[in-house]
Every structure is written in C-alpha cells, then in structure tokens.
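Visitor: I'd like to go through this one quickly. Can we start with the ligand and then move on to the helices and domains?

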Amino acid sequence: MQSNGNTTVIALRGWHPALSRAEAKAMFPECDLERTEARRLITTNGSSDWTRSSLMSGCECVLIEGGITKWTSIEDLLQLIDYKQMDEMAVECWRHEGKLPVSTKDIEMQVGGMFHDKGSTFNLKNPKHRFGVVLDASAEYVAWGWMIGAGPGKHGWSAMRANKRPFFRPVSLEPRLARAAVNIAAGISGGYVVDPMCGTGGILIESAITGRKTLGIDFDPVMVDGTKENLQWAGVSAEVKREDATRFQLPNNIAAIVVDPPYGRNSIGDEKLLEDMLQNISRQTDECSLVVILPCEAGNDNLDESIDFEFDLPGFTIEQTFGIPVHKSLGRVLIIASISPQG
Ligand SMILES: C[S@@+](CC[C@H](N)C(=O)[O-])C[C@H]1O[C@@H](n2cnc3c(N)ncnc32)[C@H](O)[C@@H]1O
C-alpha cells in the first residue's frame, strides 16, 4: 500500500489494537476506515472531526494530509512528503512495534530541514503545528502527516488508575477499558450513557469526562455514595441513583447502556440478574446500543481480532466480542450488541 497527499492515517496505541479499531469506527462513523498490514495504522480518505481522537482510549493521534507506504529508505520518505511553509512547527517521529533500521532523530532532523527550506519556522517546546512520522515495524510501514491529538505516550492512562480514586474496590474497571467501552457504545450519539450497575463509577467517570449525559444506578448505597465521591474528585457530574437495575426507569433520550455486571463462573443468579436487567431495558426502548463487560477465563485475548465467544444476551443481537487480558488466571470479554428488532 502506498498513498500520499490526501490520506488520513489513524495511529493506534498498542494496548489493544482490535478494540481500538472498534473504538475508531464508533467515533468516526462518517468514514470508511481501512485496515493496513500494520497492526496499529488504519487509513481513510473520508473526513471527520478528527479532534474526537483526543477523547479516545486507543488513539495516539490522527495524521492528516499525509501518507503511508512500505519503509524503504529515508531518501524515499523525504521525496514523498508534501512540504509547505508553516509557522512554529515541530517534527515528531516515533516507533511502533520494534525497530526499523533508521534513527527517529535523523528523520526529525531531515524532515525538519525540508520544511525549513520551504520557509517554515520551528517551536519545539510549544509548537502550533506538529508533523508526525510513525515507523511501524509490525509490517515495515511508515506513515506521516499533520498530527491531531496528543501523540504517543502522552495520554497518561497509567496515571489514571482506578486505585487513585478516593473510593476504590477491586471491582473497579480500568479507566482505559471503561473509556473504550463508552466510546464504542455511544460513539457520537447525543443521548444518555447509562450504567445500571455502576459500582465505584468507573464507566460513569469516563462517560462524563467525554462530555456525555450520564446516569448511574446501583442498589448498594455504599456504592452510590462512593461513586458520587469519585465523580466529584474527577471534577465531572453525572446523575447517580440508588435503584434496582431490573426495574429502574430509563431516561427518554438514551444512547447506550454500558455495564459490567456481577458475574461469576456458572452462577445462575448472575445470569438471571443480567437477563432481567436486559429485559428492563428492551421493555422501555427499541433503540440503544449495549456494551457488556464480563469476566471470563484467561486466554481469550487476541489483541488483533475480535474473538468467537458463545453467549446469549436475550433481546439483543451480539455484533462483536473482544477478549481482554487481565492477569494469568482471569480475562474479560467486551461484548458489543444492539437491541434485536421486535417480532
Ligand atoms: C462488578 S460491579 C461494577 C463495577 C464498576 N464497573 C466499577 O468500575 O466500579 C457490579 C455492581 O452491580 C451492583 N448490583 C448488583 N445487583 C444489582 C441490582 N439488581 N441493581 C443495581 N445494582 C446492582 C453491585 O452493587 C455492584 O456495585
């Protein structure tokens, strides 16, 4: 594959490329996104509001007005880039997945030199425009373009661990997984994101941070108070109510249900609870997307593709399932579903 000039490249983080592709699809629904051989680079010729990339869990940045090609040499790369005069710019080069035989510093200097020849000025500390070059060794690709979004390693998900919140329980979801789940489920729809079993509020926090109307339900008063404390600590607001997930009333304008219910291996009670909760939703609306996160055995964790996972969500049609590694003996699945048409 080689294209330049009019191509947009979405550079994904390495945590879970398959899930991040699903997230990108939901966040840029106007575009046809195409996979490349490089596991963390996807392309499109469509246009969208690329600033949404900064809300995503799995996106490093979007590279616009750029291109992508198999890596051959720095000389070939220099010929493919479309240089123009820009003020206060910087060039940033980084790697995905191991090494191509070239130094990122060399690329930054030589690409920078070409922009300089066009009359560009530089501000490396606080650039107004950043030109990115990403070297992806998974399939020996190089991609480039003007960067929209933070870039690699700057998001700080590790600083956003759930155990840093004032109210923490071992059930608390990892923020980057919760963020991906909310984005996949709600995309760019404007309605409420609802977590009917909100626990410590992990899903609610990510939904509210990304500017969505957010409602959380839990029947345990300790969880309701703890969630409120966590939301306040995060500086965001959401409605939180002490109610039963199998009976509460949905808001009128609902975009998505995102839920991580209590679920144990072979536990009939948990299955019944999930079924009753789903029935409560499908009784009240015939349009809403659903993401359910469940614990499962370790080993279902293909980071490059969706997985086959036999499961039934009564009243809903399962679209895709992804496996998430947790630790040696535990995994999770993230199931994307939508309400089945009635009759
Ligand atoms: C696995 S935890 C959710 C963890 C949450 N995602 C987080 O990040 O903290 C499941 C939650 O479901 C709640 N729950 C169980 N049965 C419920 C019911 N019938 N109605 C509402 N909440 C319920 C429990 O109190 C618990 O807080």
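This is a predicted model: local features need pLDDT of at least 70, side-chain atom pairs count only at pLDDT 80 or more; totals for chains, interfaces and linings use all residues.

Visitor: Fine. How many residues surround the ligand, and which are the closest?

Guide: The ligand is surrounded by 20 residues. Met197, Gly199, Thr200, Gly202 and Ala245 are the closest.

Visitor: Which elements give two or more residues to that shell?

Guide: Helix α5, residues 202-209, and strand β9, residues 214-218.

Visitor: And the shell by class, what does it have?

Guide: The shell around the ligand has 11 nonpolar, 5 polar and 4 charged residues.

Visitor: Back to α5. At roughly what angle do α4 and α5 cross?

Guide: Roughly 60 degrees, and their axes come within 8 Å. That angle makes α4 oblique to α5. The crossing is right-handed.

Visitor: Which residues meet there?

Guide: From α4, Pro175, Ala178, Arg179, Ala181 and Val182. From α5, Gly202, Ile203, Glu206 and Ser207. The contact of α4 with α5 splits into 5 nonpolar, 2 polar and 2 charged residues. Gly202 is also one of the closest residues to the ligand.

Visitor: What about α1 and α4, how do their axes sit?

Guide: Helix α1 covers residues 17-27 and helix α4 covers 175-186. Their axes come within 7 Å and cross at roughly 40 degrees.

Visitor: Which residues make the contact?

Guide: On α1, Leu19, Ala22, Glu23, Ala26 and Met27. On α4, Ala180, Asn183 and Ile184. By class, the contact of α1 with α4 has 6 nonpolar residues, 1 polar and 1 charged.

Visitor: Switching to the whole chain. What does the domain assignment give?

Guide: Domain 1 spans 3-148 and domain 2 spans 157-339. Their centres, taken over C-alpha atoms, are separated by 32 Å.

Visitor: How many residues of each domain are in contact with the other?

Guide: 15 residues of domain 1 contact 18 residues of domain 2.

Visitor: And the domain 1 side, by class, what does it have?

Guide: The side of domain 1 that touches domain 2 has 10 nonpolar, 3 polar and 2 charged residues.

Key. Residues are numbered from 1 along each chain as its sequence is written. Axes are lines fitted to C-alpha atoms, for helices over the stretch in contact, and angles run from 0 to 180 degrees between N-to-C directions. Helices (H or I, at least four residues) and strands (E, at least two) are DSSP runs, numbered from the N terminus. Two residues are in contact if their C-beta atoms, placed from the backbone, lie within 7 Å. Ala, Val, Leu, Ile, Met, Phe, Trp, Tyr, Cys and Pro count as nonpolar, Asp, Glu, Lys and Arg as charged, and the others, Gly among them, as polar. Domain bounds come from an automatic or database domain assignment. A residue is near a molecule or strand if its C-beta atom, placed from the backbone, lies within 6 Å of it. Angles under 35 degrees count as roughly parallel, over 145 as roughly antiparallel, 65 to 115 as roughly perpendicular and the rest as oblique. A crossing is left-handed if the near helix is turned anticlockwise from the far one by less than a right angle, and right-handed if clockwise.
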